Amino acid sequence: MNKEMANYIDKLLYDSDLFPDKTKQYSNSSSYDFTNETIIITGAAGSIGSGLSKQLIHCKFKKLILIDNAESPLYELIKSLEFKDTSKVEFILIDITNQNSITQVFEKYKPTLIFHTAAYKHVPLMESNPIKALELNIFGTKLLADLSCEFKVKKFLFISTDKAVNPISIMGLTKRIAENYLNLLNSKTNTVFVSTRFGNILGSNGSIVPLLKKQIELGLPITLTDINVTRYFICKQKACNLILKLATLEKFDYNLYTFNMGNPVKISDLIERMYLICNSEAKTHELKIIGLRPGEKLHEEIISIDEELFKTEHPEILGVKQKKTIQPKNINFSGLLEINYETSSIDVKSILKSYL
């Protein structure tokens with residue numbers, strides 16, 4: 001690992017919540033003006049959802065509706081904002097796949113801006129629980145999108161993933177299908193649907209950095225899937241700030257965007273830098289290679305061979321566009337309804353791939 005990469009990894013780690021740099025001052029995004037917007041954030045208690053919530057609380061807005069189906073995390077979000085002005089904030093504990101419940105939310109609040117961050121994201125776990133991935137990542141997204149059209153929502157920002165590029169996992173496939181469906185709606189409705197695709201959120205719940213930090217601090221062997229495995233990383237603060245920046249645009253040149261995340265990072269290099277930052281005094285650093293888990297790639301990608309990147313007015317935001325203009329096709333989801341708990345993971349993937 002050269003010095004440039006070491007410095008880059010150190011900056012990533014210090015920009016995360018796990019290794020905060022006390023000298024670094026972050027913008028609270030108070031310059032973003034959503035005065036006329038009634039905003040819904042789904043998955044509000046998750047990593048991106050809570051990050052957006054904590055930045056938006058400093059902004060001007062008409063109403064902020066924070067939705068999650070996890071009681072304890074939503075309560076923790078409430079407590080984290082208890083000393084802020086939450087007079088125009090509602091915390092709602094519901095499952096967005098419940099049509100009656102989410103429809104009532106739309107009827108009551110008439111949202112104008114949606115940040116859809118709710119998702120099942122853990123790749124190996126979704127390999128063995130494909131029904132849950134379909135229910136939330138596809139049908140939950142479809143339900144929200146359809147309601148957004150019906151209630152004339154102005155903008156709908158969907159949080160996607162680099163795992164939707166040339167997807168091989170259940171999670172990646174469901175996210176790619178959701179991207180495609182939202183792109184289809186753009187050709188049929190006045191609601192603007194925008195997908196944002198980026199890599200691993202550094203330090204997010206259940207991600208690799210908190211796991212490695214715990215293993216190092218407890219002196220445990222470090223588990224690594226493959227010595228050559230790489231991943232793209234972005235810190236939560238930066239990702240949320242760029243998502244809000246996108247939301248303020250009046251005109252969108254693309255339906256899909258990604259963020260500048262620099263070069264992919266070798267996880268073995270990440271481990272090396274974390275040992276130094278954690279001031280580990282262990283005489284030996286035992287590395288246990290466990291092999292790639294189900295659904296995992298050795299290297300992730302930001303765009304497919306059929307896509308290309310374009311610069312935007314913001315240097316950190318890149319537009320993603322198909323190299324050849326392809327008219328979006330109607331999607332018949334009836335085939336997905338045939339999937340049940342008896343359907344094997346291989347068969348589920350085969351059905352999902354037929355939708356790409």
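At what angle do helix α8 and helix α10 pack, and how far apart are their axes? Hold that thought for a moment. This is a predicted model, where local features need pLDDT of at least 70, side-chain atom pairs count only at pLDDT 80 or more, and totals for chains, interfaces and linings use all residues. Residues are numbered from 1 along each chain as its sequence is written, and side-chain values use heavy atoms, with hydrogens and water left out.

OK, the helices. α8 (residues 208–217) and α10 (residues 267–277) pack at about 45 degrees, with axes 11 Å apart. Helices here are DSSP runs of H or I, at least four residues, and strands are E, at least two, numbered from the N terminus. Axes are lines fitted to C-alpha atoms over the stretch in contact, and angles run from 0 to 180 degrees between N-to-C directions.

Who touches whom? From α8 we have Ile208, Val209, Leu212, Lys213 and Ile216, and from α10 Ile267, Leu270, Ile271, Met274 and Tyr275, with contact meaning heavy atoms within 4.5 Å.

Now, the second largest pocket. A pocket is an open set of points on a 1 Å grid over the protein atoms alone where a 1.4 Å probe fits, with protein on both sides within 12 Å along at least five of seven lines; lining residues have an atom within 4 Å of a point. This one is lined by 34 residues, with Asn180, Asn183, Gln322, Ile326 and Pro328 nearest its centre. α7 gives the most to that lining, seven residues.
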